[in-house]
Amino acid sequence: MRNFYKRITYMLFVILLPGYSFLNAQKFNNEIPIPYLMTGNDFEIDISGGQHNFDPNGTVSEINMNVPLATYCYNKTGQPGNEQMSYLGPTLIFTKDEHLTFDIENNLPDGANTTVHWHGLNIPGEMDGGPHQVISNASNWAPYFNVIDQVQTAWYHTHLMDLTTEQVIRGLAGLLIVEDPDNDPLYSELPTDYGENDFPIIIQEKGFVLDSTTTPPTATAIKAGEKPGNGPYTLINGVVGGYLNVPPEIVRLRILNGSPRKMFHIALSTQLQAPSDFTSMWMVATGGGYVDVPRPTDSTLMSVGDRREFLVDFSQFSDGDTLYMSNLSVPQDANYGTTKGDALMAFVVDYGLSSSNPLTSIPANLVEYNLAPGPVFQTREKELNGTGGSGNVWTIDGTPMDLAVINDTVLVNTKEKWVIHNATNKSHPFHIHKVQFQVVEYEGKVGMIDTTATYTYPDLPDELFGYKDVQLIRPGATLTFEARFDSFPGPLQANWGYMYHCHILTHEDTSMMHQFVVVDSADFYTGITSIPGTERLSIYPNPADDVVSIEGKFEESGVLRIYDIY
Ligand SMILES: [Cu+2]
């Protein structure tokens with residue numbers, strides 16, 4: 001009976017609005033969930049399967065998605081008022097200079113292993129949560145580290161070798177905010193009332209598998225070219241057709257593109273279709289922290305893995321006004337899939353809402369911004385190689401990812417210059433762990449700019465400005481960045497690798513990844529021998545004063561040199 005009425009409603013709609021295609025009858029009637037906050041020094045995180053309704057109010061009725069689908073999530077239950085968290089995870093607040101401990105339990109179904117990577121943070125390699133730190137099914141991982149990073153919006157997600165795409169699509173990602181209430185003067189100046197004037201916006205492309213299993217394809221299928229679960233629909237914080245009620249104030253949006261593959265070129269407008277009149281968004285932070293001054297823009301290209309924070313002034317609108325966040329066109333070489341509908345979500349201005357301490361004007365200045373100090377100790381050149389399509393082989397420098405191979409050894413507490421050339425015919429978002437880099441030069445097409453040019457710091461377009469750990473590199477372009485590989489309290493853990501890779505997850509899962517270690521001078525000048533767990537080579541005892549044993553499996557010939565450094 002209910003379906004019957006629905007059908008009647010659509011018929012009326014078509015009759016009343018002739019000329020509208022079905023697609024244009026886009027509805028925004030799922031209020032976007034705001035992931036609950038977890039704060040403190042001890043974090044208990046339970047990773048499990050769940051059932052999640054991505055469309056609780058039947059927005060996308062053309063395929064009837066109003067059904068619960070199998071998901072993965074962090075902390076499904078146990079948080080008062082948030083028992084229904086069944087996709088993504090809570091927003092974690094890390095306080096600068098605090099020591100944090102974690103108890104992370106893997107209770108995923110079907111014996112699945114996983115990892116938890118803290119994307120954006122400078123922490124010891126053993127705590128990084130990359131492919132080396134596998135949390136086996138039905139067991140725990142207890143990382144610990146000090147928060148030394150700048151105030152920023154980061155995120156956490158699975159980084160399981162070959163299976164990151166599948167596990168992110170199932171739901172293993174969440175937002176992470178580094179705060180410093182005591183020492184950050186902007187903490188009291190910018191909106192920080194989470195869920196009231198400071199909103200997380202997690203954008204993800206989504207396809208739906210509506211058969212009886214709802215299971216995405218396997219890693220083998222991904223390598224054969226299948227793109228599981230990515231598709232034309234767009235989730236905001238885990239729902240399609242999302243809307244958010246906002247107070248008539250300047251609010252802060254912390255936007256994360258947590259998609260498996262797709263770039264989003266986002267803009268705000270009161271126009272739903274073919275928007276041309278845009279509302280300014282003032283960029284106040286990139287992934288690694290604040291920029292120098294609020295930078296106004298009509299639109300911004302968010303590549304996979306990117307975070308950006310914006311201020312938007314909703315006080316200029318009337319009660320009940322609706323703004324749409326649209327996805328404008330992206331360059332063809334950065335297009336990894338179409339988008340259904342004209343807009344990703346809606347913002348509804350609600351004069352019944354207000355925050356306790358509203359911001360009334362956009363600040364003139366934020367922070368002082370300079371390149372990291374120190375001379376460049378070493379320059380590295382990398383090339384992104386490969387082609388898509390059948391076989392789907394993407395690499396860095398022509399060599400596929402090998403967990404047993406250390407691709408780069410970096411001397412701790414130095415500044416390096418990395419030069420990354422994209423020799424492929426597609427755009428790739430380059431991501432590096434541990435550091436926040438600063439672009440010093442970029443040659444080629446950039447962001448939405450389709451003409452080739454050379455940009456040198458400080459004359460950079462907004463697309464290249466700020467502290468970053470991800471930068472989209474267009475085909476033929478060369479990115480040059482500087483980064484400090486600084487130490488942190490506690491041991492270096494020099495033989496645990498950090499990843500650098502393309503953040504299109506299907507590319508990462510198909511070999512477009514390498515790893516580096518950060519070592520002290522003894523290891524830097526003599527070389528380190530192995531990465532734990534890969535069992536290619538072991539030397540013991542270390543240090544030794546009499547007998548040294550060397551064990552390992554060798555599949556190729558080479559020279560092994562042993563130095564006495566004392
Ligand atoms: Cu890529």
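**Close-up views of a predicted model**

**View 1. Strand 2 beside strand 5.** Strand 2 and strand 5 (residues 91-95) pair in the parallel sense, with two bridges between them. Opposite M38 stands L92 in strand 5. The model shown here and in the other views is predicted.

**View 2. Strand 5 beside strand 11.** Strand 5 also runs parallel to strand 11 (residues 173-179), and four bridges join the two. F94 has V178 in strand 11 as its bridge partner. Strands of a sheet pair through backbone hydrogen bonds, in either a parallel or an antiparallel sense.

**View 3. Strand 7 beside strand 10.** Here the pairing is antiparallel: strand 7 and strand 10 (residues 152-157) are joined by three bridges. W118 stands opposite Y156 in strand 10.

View 4. In what order do the five strands of the open sheet lie? The order is 2-5-11-10-7, and the pairing is mixed. Strand 2 (37-38) and strand 7 (117-119) are at the edges; each has a single partner strand, so one side of each is left without a neighbour in the sheet. In the protein chain there are six helices and 36 strands.

**View 5. L176 and the largest nonpolar core.** This core has 125 residues, and L176, I236, M263 and M345 touch the most other members. Strand 23 (residues 343-349) supplies the largest share of the core, six residues. At least three core residues come from each of domain 1 (30-349) and domain 2 (376-552). Apart from neighbours within four places in sequence, L176 is in contact with L92, F94, W118, A154, W155 and Y156.

**View 6. The loop at S427.** S427 lies in the loop between strand 27 (415-422) and strand 28 (428-432). Is S427 buried or exposed? S427 has 26 other C-beta atoms within 10 Å, so this residue is buried; the cut-off for a buried residue is 20 or more. Apart from neighbours within four places in sequence, the contacts of S427 are P331, D333, A334, L472, I473, R474 and P475. S427 and I504 are 77 residues apart in sequence, while their C-alpha atoms are 9.7 Å apart in space.

**View 7. The protein chain overall.** Of the 566 residues in the protein chain, 45% are buried. Among contacts between residues at least 6 apart in sequence, 78% join residues at least 24 apart.

Terms used: Residues numbered from 1 in each chain as written. Predicted model: local features only at pLDDT ≥ 70, side-chain atom pairs only at ≥ 80, totals over all residues. Pairing = 2+ DSSP bridges. Buried ≥ 20, exposed ≤ 12 C-beta atoms within 10 Å, placed from the backbone. Contact = placed C-beta atoms within 7 Å. Core = buried A, V, L, I, M, F, W, Y, C linked by C-beta atoms within 7 Å. Domains from an automatic or database assignment.
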